[in-house]
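Thanks, everyone. I have one structure to go through today, so let me put it on the screen.

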Amino acid sequence: MAKKLGLALGGGFSRGAAHIGVLKILEEAGIKPAVIAGTSAGSIVAALYAAGWTVQEMEHFSRTLSPRELIDDRLTAKLWRLLVHEVRHRLRRKPRAGGPLGVLSGQRLAAFLERLFGARRFDELKLPLVVTATDLVSGRRILFMPAPLCRDEFVRLARIPVASAIRASCTVPGLFEPVRLEKMLLVDGAIREAIPAEAVRLPGIEAVVAVDVGGRTEERQPLELFSELVTEAWELAVSEGKRKELETFADVVIEPELKKTPPWDFSRVSQYMRAGEQAARAKLGEIRRVLELDVR
């Protein structure tokens with residue numbers, strides 16, 4: 001009997017479209033995960049798949065997606081408000097509540113996710129889903145998953161809507177305002193687990209395939225844009241933890257060739273999906289061996 005597969009999808013903003021290509025090849029090979037987990041952009045793809053979307057539906061969806069559906073308007077006004085609050089706080093030299101904790105409120109992102117998933121909760125999905133976030137108050141990794149899979153104190157049960165969990169997982173600190181839940185301030189799960197290989201290794205899961213769409217390379221490139229600087233700093237910050245995570249918890253790692261592709265460019269999603277297909281196809285033999293399937 002084949003081993004049960006846990007599939008872990010990492011973050012990478014628009015490069016997350018490569019996950020769709022990976023899912024396409026796995027489906028064509030007759031390989032279906034028993035549990036799927038996602039962090040940041042990976043949490044969106046994982047949740048769509050868990051909700052029953054077909055690969056074809058996800059392909060069409062990603063090609064028509066616009067950044068305007070995710071990014072709030074009035075960015076200049078928000079930046080000014082953020083700057084004014086910081087200056088007032090420094091001059092007063094005492095805490096002052098009520099200021100923004102991010103350049104973007106995240107309201108448009110939240111509305112976008114609610115359109116996709118409505119009020120659906122984890123227990124209502126067709127496939128068990130795990131979404132990761134990070135609590136800035138405690139510094140701990142927070143997991144969202146169906147109640148039957150919950151195993152420790154850092155798990156929040158299926159009562160939270162899927163859309164809210166994904167909104168937290170996609171919250172890049174400083175860019176989007178954190179999600180407030182109980183006494184927590186939740187932000188991007190990649191801070192604690194760039195690729196949720198450990199999170200998906202739940203009871204009964206015997207093999208983990210992780211998909212890394214980070215795209216970072218050791219070859220340094222000249223930084224000419226602010227977005228490039230932010231991207232490079234973020235990927236550098238999570239790279240060491242990600243390497244250790246994958247070495248410890250992943251049986252197979254799929255790495256689409258995305259080293260020179262910008263994560264903010266939605267015009268390249270077709271390219272990202274093709275890269276995911278190519279990388280997954282190259283790893284099929286290894287995946288079959290790990291799952292103890294017939295190798296063809």
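Of the 296 residues in this chain, 51% count as buried. Before going further, note that this is a predicted model. The secondary structure comes to 8 helices and 11 strands. Among the contacts with a separation of 6 or more, 74% are between residues 24 or more positions apart. As for the surface, the chain exposes about 14900 Å², and carbon and sulfur atoms supply 52% of that area.

Now to helix packing, starting with α1, which covers residues 18-28. I will take its two partners in turn.

The partner I begin with is α3, residues 55-64. The axes of α1 and α3 come within 10 Å and cross at roughly 160°. Angles over 145 degrees count as roughly antiparallel, and α1 and α3 are therefore roughly antiparallel to each other. The crossing of α3 by α1 is left-handed. On the α1 side, the contact is made by Ile 20, Leu 23, Lys 24 and Glu 27. On the α3 side, Val 55, Met 58, Glu 59 and Ser 62 take part. Sorted by class, the α1 contact with α3 has 4 nonpolar, 1 polar and 3 charged residues.

The other partner is α2, residues 41-50. Here the axes are 10 Å apart, and α1 and α2 pack at an angle of about 35°. This crossing of α1 and α2 is right-handed. From α1, the contact uses His 19, Ile 20, Leu 23 and Glu 27. From α2, it uses Gly 42, Val 45 and Tyr 49. By class, the contact of α1 with α2 has 4 nonpolar, 2 polar and 1 charged residues.

Last, some backbone geometry. Which value does phi of Glu 182 take? It is near 55°, a positive value in a residue other than glycine. Glu 182 is found in the loop between β8, residues 179-181, and β9, residues 184-188. Is Glu 182 buried or exposed? Exposed means over 50% relative accessible area, so Glu 182 counts as exposed at 54%.

Glu 292 also has a positive phi, near 60°, and is likewise a residue other than glycine. Glu 292 is found in the segment after α8, which spans residues 269-291. With 51% relative accessibility, Glu 292 counts as exposed.

That is the end of my part.

Notes. Residues numbered from 1 in each chain as written. Predicted model: local features only at pLDDT ≥ 70, side-chain atom pairs only at ≥ 80, totals over all residues. Heavy atoms only, no water. Helix = DSSP H or I, 4+ residues; strand = E, 2+ residues; numbered from the N terminus. Buried < 20%, exposed > 50% of the residue type's maximum accessible area, 1.4 Å probe, protein only. Contact = heavy atoms within 4.5 Å. Areas by Shrake-Rupley, 256 points an atom, 1.4 Å probe, with all protein chains shown as cover. Axes fitted to C-alpha atoms, helices over the stretch in contact; angles between N-to-C directions. Parallel < 35°, antiparallel > 145°, perpendicular 65-115°, else oblique. Left-handed = near helix turned anticlockwise from the far one by under 90°. Nonpolar A, V, L, I, M, F, W, Y, C, P; charged D, E, K, R; others polar.
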